[in-house]
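Here is a short report on one protein model. Look through the sequence and the structure first, then read on.

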Amino acid sequence: MMDGFVVDFAHNEQARLNALRNLNLLDTSPSENFDRLTRLASRLFNAPVSTISLTDQDRQWFKSKVGVDITEIPREQAPCSYAIEGNDVFVVSDLSADPRFIDSPLVNAGIRFYAGAPLFTKQGHGLGTLCVVDDKVRELDDADRQVLRDLAGMVMAQVELQNTIGRVDANTGLANQYALLEHLEELASREADEAISAFLLEIASQDQTGHGQRVLGASFTNALMQGAVAQLRSLVGNSATLYQVAPTRCVLLLSSNFGGDIPKLTSDILSLLELPIECNGIPVLPKPSLGRYSFTSGRVAPQDVLRRLFNALEDSIASDGEEIDYSARRDDEHARSFTLINDFKAALDNPEQLSLHYQPRIDLVSGACIGAEALLRWTHPVLGPIPPFDFIPAVEETALVRPLTEWVIRAAAMQAVAWEARGISLKVSLNISARNLDEHDFAQRALAIIRASYAKPSQLEFEFTESAVARNAARVVEQLNALRDAGIVIAIDDFGSGYSNLSYLQSLPASVLKIDRAFIRSLETSERDRTLVRSILSMGHDLHYRVVAEGIETQVTYDMLRLWGCNEAQGFFMSRPVRAHVLEEWLSAGRERSAG
């Protein structure tokens, strides 16, 4: 019987502690909303000291206080610990005469009288008390007890209000990013110039979350996060505060007095989150990632703290966990990329900034130039020439990819018409983003632009990479069929560098295969690459593709590919990408034949 009582008490105490920590009040900054109530209590009871005291596992911590400098005392010596065990106001007229509190820090500080009204959640968990104390022995009548109860009710109303209106995640009970930003602002004013460390944790990747929801249902993410948060709480205890900033992401903010080993804590967190978490009765292995950022309170704006944490996490994911700390250098690169994207909007409307350069494609049988690949170039009005890899990948992640591709199609089509008018017959190829092929009306718009430019579809070749197929195979095939049927040549670019799934070759209406330059540049030194390229050539010809090798830089490579029966060659050995008029001069000089 006694054992059962002990187990039940331990269970209730753990539930009480969980409820307390879920409210995210412990070790938080002072709040005027709570300070008003302690000042009011002190005034109404004419008491020199009043506190809102929270009963933690081994301490009594003051969320708000009037007339006292200490922030916590040991739990076993605190009257508040006794107050939460009852259902009503707990009064001790003379602490120095009560054997339970003779050695209490309160008595040593000269305190004699104590009266505390317990703070209970709606579930009946005692969090702590609103209490008043005095250095004189006193009694409390019924009317005063009711006032103290009312004030305690007002404290709990404030707690519930603070934790329900836009500040707390309904599933985990964690404070959200708005509360995090507010806490960072408070730290900046209360603990300026203090060293602070923070972690951004991703409990599961988007792929794992999506798969889990398909298999285990919509509650998968909720169960996963609840389990992960419980594990994190057991590890960090009161040394850190947790905030949820995305469905599967949370921030762990270390207190300024954290004296532990941060690298060890990092390792412990990752090890803990790699343990199975039960989701709907099924043990699930999370795939956690972590980004880390240390900063000086008051020196970094709260929004920048959160942004830098996101940068650190994304860098960690990209490096497979090799780089977890925030990097100012990479942040500068991201900032530059963001600036360039903003400036690129204006560039689309400014004909002086954007241009196409053309790299010739050589027929390896005749040695003649039969086509040219159009490559975008951007000359920034302040920064000068911007390398394509500095802006094109970023633009492709935005809605600007649509007008960008339209601009390139229009410019390439107009150039093909201009060349034909001068007796130059070249097929112009251009790159199409996978994002473009996601657009249901892409083929329709592209053909309309070509017609408006008075070009023939057969003058153009559209190149797309293998990765474009994986995004939406049915839509990709539909778009490419429409383009092919209109007369546009379809080419698979960078073949061999993506999924290399040969099954899609059966359904795609492509007639050109471009071997990725990564296999071409090492042909002279790598037997493995030579074997791979010969295999691609054999397979491509058997499937009736015209095969193009790009990235040719030497005569030896050129001759090798010609000997193996490759159809076309493209690379610096013949010509770098140049403006249209320079390519015309190059053609007039007959340099394409000199390469053979």
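Is K456 buried, partly exposed or exposed? K456 counts as partly exposed, because its relative accessibility is 39%. Buried means under 20% relative accessible area, exposed means over 50%, and partly exposed lies in between (1.4 Å probe, protein chains only).

## About the model

This is a predicted model: local features need pLDDT of at least 70, side-chain atom pairs count only at pLDDT 80 or more, and totals for chains, interfaces and linings use all residues. Residues are numbered from 1 along each chain as its sequence is written, and side-chain values use heavy atoms, with hydrogens and water left out.

## Salt bridges

The structure holds 43 salt bridges. A salt bridge is a side-chain nitrogen of Lys or Arg within 4 Å of a carboxyl oxygen of Asp or Glu. K456 takes part in one of them: its partner is E420, and the closest N and O atoms are 2.8 Å apart. This pair links distant parts of the chain. E420 sits in helix α13 (residues 401–421), while K456 sits in the loop between α15 (442–452) and β18 (460–465). They are 36 residues apart. E420 is partly exposed too, with a relative accessible area of 42%. Helices (H or I, at least four residues) and strands (E, at least two) are DSSP runs, numbered from the N terminus.

D268 forms a salt bridge with K264, with 2.8 Å between the closest N and O atoms. Both lie in helix α9 (residues 262–273). They are four residues apart, about one turn of the helix. D268 counts as partly exposed because its relative accessible area is 26%.

## A buried pair and a network

R361 and E568 also meet through their side chains in a salt bridge (2.9 Å, N to O). The pair joins distant parts of the chain, 207 residues apart. R361 is in strand β14 (residues 354–363), and E568 is in strand β22 (residues 568–570). R361 is buried, with a relative accessible area of 4%. E568 is buried as well, at 4%.

Which residues are linked with R361 and E568 in a network of salt bridges? The network also includes D363, E373, E461, E463, K514, R517, R546 and E550.

P360 lies in strand β14 as well. P360 is buried, with a relative accessible area of 1%. Leaving aside neighbours within four places in sequence, P360 is in contact with C369, G371, A372, A569, Q570, S575, R576, L583 and W586. Contact means heavy atoms within 4.5 Å. F101 is another matter: the C-alpha atoms of P360 and F101 are separated by 91 Å.

## Two helices side by side

Two packed helices are described by the angle between their axes and the distance between the axes. The axes of α2 and α5 come within 10 Å and cross at roughly 175 degrees. That makes α2 roughly antiparallel to α5. Angles under 35 degrees count as roughly parallel, over 145 as roughly antiparallel, 65 to 115 as roughly perpendicular and the rest as oblique. Axes are lines fitted to C-alpha atoms, for helices over the stretch in contact, and angles run from 0 to 180 degrees between N-to-C directions.

Which residues meet across the two helices? From α2 come N33, F34, L37, L40, A41 and L44. From α5 come V147, L151, M154, V155, Q158, V159 and Q162. V147 counts as partly exposed, at 31% relative accessibility.

## Buried residues around α15

The buried residues of α15 are F442, A443, R445, A446, L447, I449 and I450. Their cover includes α13, α14 (434–438), β18 and α17 (473–486). After α15 comes Y454, whose phi is positive, near 65 degrees.

Q479 is found in helix α17. Q479 counts as buried because its relative accessibility is 2%. Neighbours within four places in sequence aside, Q479 is in contact with L437, E439, H440, D441, F442 and A443.

## A buried strand residue

V251 is found in strand β10 (residues 249–254). At 1% relative accessibility, V251 counts as buried. Beyond neighbours within four places in sequence, the contacts of V251 include L180, F199, Y243 and L306. The C-alpha atoms of V251 and L306 are 8.7 Å apart, although 55 residues separate them along the chain.
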